[in-house]
Amino acid sequence: MNENYQNAEKQYREALAMLESNGNVASAMEELTGAADANHAEAQGRLADIYARGSYGMKPDFKKAARYATQAAHQEVCDAQWLLGYLYMNGSGV
């Protein structure tokens with residue numbers, strides 16, 4: 001495994017721990033975004049879901065949801081593929 005992937009995986013896991021413990025959502029989103037920007041597929045899929053649903057007190061942002069879902073879908077994340085289809089079907093963010 002290369003160092004960039006390991007760093008992205010660490011960011012992803014830290015973000016999940018923060019979200020699951022009702023920690024600092026802003027910090028968790030920053031960590032998730034960093035991992036997603038490093039091409040971490042699961043982080044991209046999780047961000048897509050958060051932005052689509054408006055989870056953790058976030059306002060829904062369908063454009064960001066579509067962007068991250070597209071990135072994750074290209075890496076064969078099934079949930080992101082489904083979400084992307086749903087966004088297209090409803091004309092949300094695409």
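Two residues are in contact when heavy atoms lie within 4.5 Å. In this predicted model, contacts between residues at least 6 apart in sequence were examined, and 40% of them join residues at least 24 apart.

The chain contains 5 helices and 0 strands. Read along the sequence, the pattern is α-α-α-α-α. The radius of gyration is 13 Å, close to the 12 Å that the globule rule gives for 94 residues, so the chain is as compact as a globular protein of that length. Along the principal axes, the C-alpha atoms fill a box of roughly 35 × 30 × 15 Å.

Burial and surface were computed next. Of the 94 residues, 37% count as buried. The chain exposes about 5700 Å². Carbon and sulfur atoms supply 47% of that area. Charged side chains were also counted. There are 8 positive and 12 negative side chains. The centres of the two sets lie 8 Å apart.

Helix α4 covers residues 62-74 and has 13 residues. From its first C-alpha to its last, helix α4 reaches 18 Å. That span is close to the 18 Å expected at 1.5 Å a residue. Which residues of α4 are buried? They are Ala65, Ala66, Tyr68, Ala69, Ala72 and Ala73. These buried residues pack against three helices: α2 (25-37), α3 (41-53) and α5 (78-90).

The loop between α2 and α3 holds His40. Is His40 buried or exposed? Its relative accessible area is 1%, under the 20% cut-off, so His40 is buried. Its contacts were listed without residues up to four places away in sequence. On that basis, His40 touches Tyr5, Ala8, Glu9, Tyr12, Ala35 and Gln75. Tyr5, one of these partners, is 35 residues from His40 in sequence. In space, the two are 7.2 Å apart, C-alpha to C-alpha.

Glu9, another partner of His40, is found in helix α1 (residues 3-20). Glu9 has a relative accessibility of 15%, so it counts as buried. With neighbours within four places in sequence left aside, Glu9 is in contact with His40 and Glu42.

Asn39 also lies in the loop between α2 and α3. Its phi is positive, at about 75°, although Asn39 is not a glycine. What is phi near in Glu76? The value is near 65°, again positive in a residue other than glycine. Glu76 has its place in the loop between α4 and α5. Its relative accessible area is 65%, over the 50% cut-off, so Glu76 is exposed.

Another loop residue is Asn22, which lies between α1 and α2. At 69% relative accessibility, Asn22 counts as exposed. Asn22 and Tyr56 are 34 residues apart along the chain. Their C-alpha atoms are separated by 8.7 Å.

Tyr86 lies in helix α5.

Key. Residues are numbered from 1 along each chain as its sequence is written. This is a predicted model: local features need pLDDT of at least 70, side-chain atom pairs count only at pLDDT 80 or more; totals for chains, interfaces and linings use all residues. Side-chain values use heavy atoms; hydrogens and water are left out. Helices (H or I, at least four residues) and strands (E, at least two) are DSSP runs, numbered from the N terminus. The radius of gyration is taken over C-alpha atoms; the globule rule is 2.2 Å times the number of residues to the power 0.38. Buried means under 20% relative accessible area, exposed over 50%, partly exposed in between (1.4 Å probe, protein chains only). Accessible areas come from the Shrake-Rupley method with a 1.4 Å probe; for residues, only the protein chains shown count as cover. Lys and Arg count as positive and Asp and Glu as negative; His and the chain ends are not counted. The place of a charge is taken as NZ of Lys, CZ of Arg, CG of Asp or CD of Glu. The expected span of a helix is 1.5 Å times one less than its number of residues.
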